[in-house]
Amino acid sequence: MGEKTKKTKKMSEKITKHSFTIKYGDNEEKNKENNIIIKIPNIANVDYGVISWPSSAALAFFLSYHPKLVIGKYVLELGCGMGLPGVLCAKIGSSKVILSDRHNQRNNFLSETIQTTIKLNDLYSP
């Protein structure tokens, strides 16, 4: 008695791979394809922000068909959650990508999860 116990959320983590075929160029002779695989950790029994939502996959799919929208540009992903679209932008060739989501002590786990996503995809985080 008198001893404080720290409650921790039980997690099970697995990696989901999202595959995208990026098409660069407007005509057949300039058309170059690049297959990109993005790894996203899926973590059960945690906050809703740490879920790979279908809308993020839909946005990433759209960007894979329209890479010119982000190549060489600065990208800010607000409410990034797991960061799938932002990570894809970084892999496609955006100049700089900022992944942003709410952060406070209670949600420090979200920041750690975004860092995991960045590391899984061999990207750099300052």
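Q: What's the mean pLDDT of the protein, and what share of its residues reach 70 or more?
A: This is a predicted model, with a mean pLDDT of 79 and 70% of the residues at 70 or more.

Q: Which helix has the lowest confidence, and which the highest?
A: Helix 3 (residues 108-120) is lowest, with a mean of 82, while helix 2 is highest at 96.

Q: OK, switching to E77. Where is it?
A: E77 sits in strand 3, which spans residues 74-78.

Q: Which face of that strand is covered, and which residues are on the other one?
A: V75 and E77 make up the covered face of strand 3, with Y74, L76 and L78 on the uncovered one.

Q: So is E77 itself buried or exposed?
A: Buried, because its relative accessible area is 11%, and the cut-off for buried is under 20%.

Q: What does its side chain reach?
A: The backbone nitrogen of G86, at 2.7 Å. Leaving out residues up to four places away in sequence, E77 touches G83, P85, G86, I98, L99 and S100.

Q: What stands opposite E77 in strand 4?
A: L99 does. Strand 3 pairs with strand 4 (residues 96-100) in the parallel sense, over five bridges.

Q: How does the chain cross from strand 3 to strand 4?
A: Through helix 2 (residues 84-92), as a right-handed β-α-β crossover.

How values were computed:
Residues numbered from 1 in each chain as written. Predicted model: local features only at pLDDT ≥ 70, side-chain atom pairs only at ≥ 80, totals over all residues. Heavy atoms only, no water. Buried < 20%, exposed > 50% of the residue type's maximum accessible area, 1.4 Å probe, protein only. Helix = DSSP H or I, 4+ residues; strand = E, 2+ residues; numbered from the N terminus. Pairing = 2+ DSSP bridges. Right-handed = clockwise from strand over helix to strand, strands pointing away. pLDDT = per-residue confidence, 0-100. Polar contact = N/O pair within 3.5 Å; in protein donor to acceptor, adjacent residues only side chain to side chain. Contact = heavy atoms within 4.5 Å.
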